[in-house]
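Good morning, colleagues. I would like to take you through one protein and its ligand, and I ask you to keep the display in view as I speak.

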Amino acid sequence: MLETYQPPPIHGGEFYLKPVISMDQFDTTSLEKLFKLAEHMRCLDRNIGDVSLVKAQAVLLFYEPSTRTRVSFEIAIKQIGGQPTVVTDPQHFSSVSKGESFGDTIQAFAAYSDLIVLRHPEKGSAAQAAAAIEANLKRMPRSVPIVNAGDGIGEHPTQAMLDLYTIWRRFGRLENLNVVCVGDIKNGRTIHSLLRGLSLYKGNTAWLLSPPQLQLDSRLADRLITAGLQICEIDSLEMLPPVSQVWYWTRVQRERFTDHTEYEQLSSSFVLTNEVLAKYGDHDLIIMHPLPRVGEISEEVDKDPRAEYLGEQIRAGKHIRMALVAMLLNRDLEP
Ligand code: NCD
């Protein structure tokens, strides 16, 4: 089933009841609609607004640790009138520990809820969950969207949405940008989704700064280039472009390594300090990080006005997730 499963496109702003598995599903019209609704959510939030857009039950199923993604989804769902139920560590605290299959677990949660937000250590798991729902659709009153909140080294589409939204708010465009991504390009799912998102817009160049061992998978690089994204792979700070709008710094993903010594060697390859920023940083750029950081951005950088990772970028996560869940579950928000 999984081999043949393709998540449906989310084009023309039509989100209703669709699974959100990959940034490949989206067109720019849908993202624009999402950002506009996120702006509205931001406004309501500032006024402590109560938006009863959905009366839905949502299950947040987290097989991997999370801070921002889980809590921002939970609060976003509550704030638009829905009710989240959080299930963390199901491998220890649910029937998964008795040997239940992943497909059965998904069916059970789908029977009780209107939406499932899933984080799982295996790439392809969100697609597998969506395929299981689709296979059982005849027995259900309606589809239950699966939202991929990180599938191993695969993707993290809602992080890319909030990252793109942050860039759009700051620069007023998502075209003709120089975006520098730093760190674990090979294993970083937030980068995989961000690059797919950038490839939807014209004239973007991604500068990928990493040690050679952590470069982007060549098949994904080829696909992105075919989609129109320019990619420049670099391995030293000296090769950074003189003008860029975004520095997207990331941690080396320790949990994806089998060899701890290799992790130790690579983990501090590129550390952002005030000195690095003064030497290579553009005046107008923004510094982003999906978090958690574990030393790759020195705390002294936090005070720099260009640092967005502890401010606007985190806040955007809640507003984007409020908007996304509302559009997935409320037909009235269709175009
Ligand atoms: C990221 C993730 O889980 O992929 N965190 C997040 O959701 N904001 C990044 C990471 O763990 O490095």
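Let me begin with the shell around the ligand, which by class has 3 nonpolar, 5 polar and 3 charged residues. Please bear in mind that this is a predicted model.

Which residues form these surroundings? Around the ligand we find T69, R119, H156, Q159, R189, T190, R251, Q253, P290, L291 and P292.

Let us look at individual contacts. T69 places a polar side-chain atom 2.9 Å from an oxygen atom of the ligand. R119 likewise has a polar side-chain atom at 3.0 Å from a ligand oxygen atom. With L291, the protein atom is a polar backbone atom, and it is 2.9 Å from a nitrogen atom of the ligand. How much of the ligand does the protein bury? Taken alone, the ligand exposes 320 Å², and 93% of that is buried by the protein. As for the site itself, the ligand takes up the space of the second largest pocket.

I turn now to the backbone. P292 is placed in the loop between β9 (286-288) and α11 (312-329). A further point concerns D89, a residue other than glycine with a positive phi, near 60°. D89 belongs to the loop between β2 (83-88) and α3 (90-93). Both points deserve mention because most peptide bonds are trans, and most residues other than glycine have a negative phi.

Finally, the overall fold. The protein contains 11 helices and 9 strands. Its C-alpha trace spans about 60 × 45 × 35 Å along the principal axes. Why may we call the radius of gyration consistent with a compact globule? For 335 residues, such a globule would have a value near 20 Å, and the protein has 19 Å, so the two agree.

Thank you for your attention.

Key. Residues numbered from 1 in each chain as written. Predicted model: local features only at pLDDT ≥ 70, side-chain atom pairs only at ≥ 80, totals over all residues. Heavy atoms only, no water. Near = heavy atom within 4 Å. Polar contact = N/O pair within 3.5 Å; in protein donor to acceptor, adjacent residues only side chain to side chain. Areas by Shrake-Rupley, 256 points an atom, 1.4 Å probe, with all protein chains shown as cover. 1 Å grid on protein atoms, 1.4 Å probe; cavity = no way out; pocket = protein on both sides within 12 Å on 5 of 7 lines; lining within 4 Å. Sits in = over half its atoms within 2 Å of the grid points. Nonpolar A, V, L, I, M, F, W, Y, C, P; charged D, E, K, R; others polar. Helix = DSSP H or I, 4+ residues; strand = E, 2+ residues; numbered from the N terminus. Rg over C-alpha atoms; globule rule 2.2 N^0.38 Å.
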